[in-house]
Amino acid sequence: MNDYNDIINLPHHESTSHPRMSAIDRAAQFSPFAALTGHKAAIRETARLTDARTELDEMKKEELDGRLKILREHLSMEPEIAITYFVPDARKEGGSYLRTIGTVKKLDDMEHKVIMANGTSIPMDDIYEIEGSILEDTGNA
């Protein structure tokens, strides 16, 4: 009744030309592998959203220049302000808007940057908005 009666009790075959493979090496033959290495990372990068840079009109640029002028005049008061600025993305077109709150340490006209007390360096051309009580108190809101 059993079709394998003729071979069921025979000894296991041992190859004379190939050494016996360990169980770990044998299992590795059947483990999954990444056929498309880096594919998931590429999809994630493509799906990552960036913001488009908003171009400021002349009126907004003048407003920001006026606020920077007020900051320059009141640096000795160590005003605390909030600056929203654009940071270009290193990998793809666009970027993101960041907001930092802190004390202005220096306005560097040579490098055209705002240097914050915490070490953050913000290019003046990337600034979108400047807010702070020092600006409201002087009437340039």
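## Fold and basis of the model

Helices (H or I, at least four residues) and strands (E, at least two) are DSSP runs, numbered from the N terminus. Read along the sequence, the protein follows the pattern α-α-α-β-β-β-β-β-α, which comprises 4 helices and 5 strands.

The model is predicted: local features need pLDDT of at least 70, side-chain atom pairs count only at pLDDT 80 or more, and totals for chains, interfaces and linings use all residues. Residues are numbered from 1 along each chain as its sequence is written, and side-chain values use heavy atoms, with hydrogens and water left out.

## Overall dimensions

The protein has a radius of gyration of 33 Å, whereas a compact globule of 141 residues would have one near 14 Å. This radius is taken over C-alpha atoms, and the globule rule is 2.2 Å times the number of residues to the power 0.38. Along the principal axes, the C-alpha atoms fill a box of roughly 105 × 30 × 30 Å.

Of the 141 residues, 23% are buried (buried means under 20% relative accessible area, exposed over 50%, partly exposed in between; 1.4 Å probe, protein chains only). Asp-6 lies in the segment before α1 (23-28) and is exposed, with a relative accessible area of 61%. Between Asp-6 and Glu-93 there are 71 Å in space, C-alpha to C-alpha, and the two are 87 residues apart in sequence.

## Helix α3

Helix α3 spans residues 58-73 and has 16 residues. From first C-alpha to last it reaches 23 Å, close to the 22 Å expected at 1.5 Å a residue; the expected span is 1.5 Å times one less than the number of residues.

Buried positions in α3 are Lys-60, Leu-64, Arg-67, Leu-68, Ile-70 and Leu-71. They lie on the same side of α3 because they cover an arc of only 160 degrees around the axis, the arc being that of the directions from the helix axis to the C-beta atoms. On the other side of α3, Glu-58, Met-59, Glu-62, Asp-65 and Glu-73 are exposed.

A nonpolar core is a set of buried Ala, Val, Leu, Ile, Met, Phe, Trp, Tyr and Cys residues joined through side-chain atoms within 4.5 Å. The largest has 18 residues, and those with the most contacts inside it include Leu-68, Leu-71 and Val-114. Elements giving two or more residues to this core include α3, β1 (80-88) and β2 (95-108); α3 gives the most, with 4 residues.

Asp-126 occupies the loop between β4 (121-123) and β5 (127-131) and counts as buried at 13% relative accessibility. Not counting residues up to four places away in sequence, Asp-126 touches Arg-53, Thr-84, Tyr-85 and Phe-86 (contact means heavy atoms within 4.5 Å).
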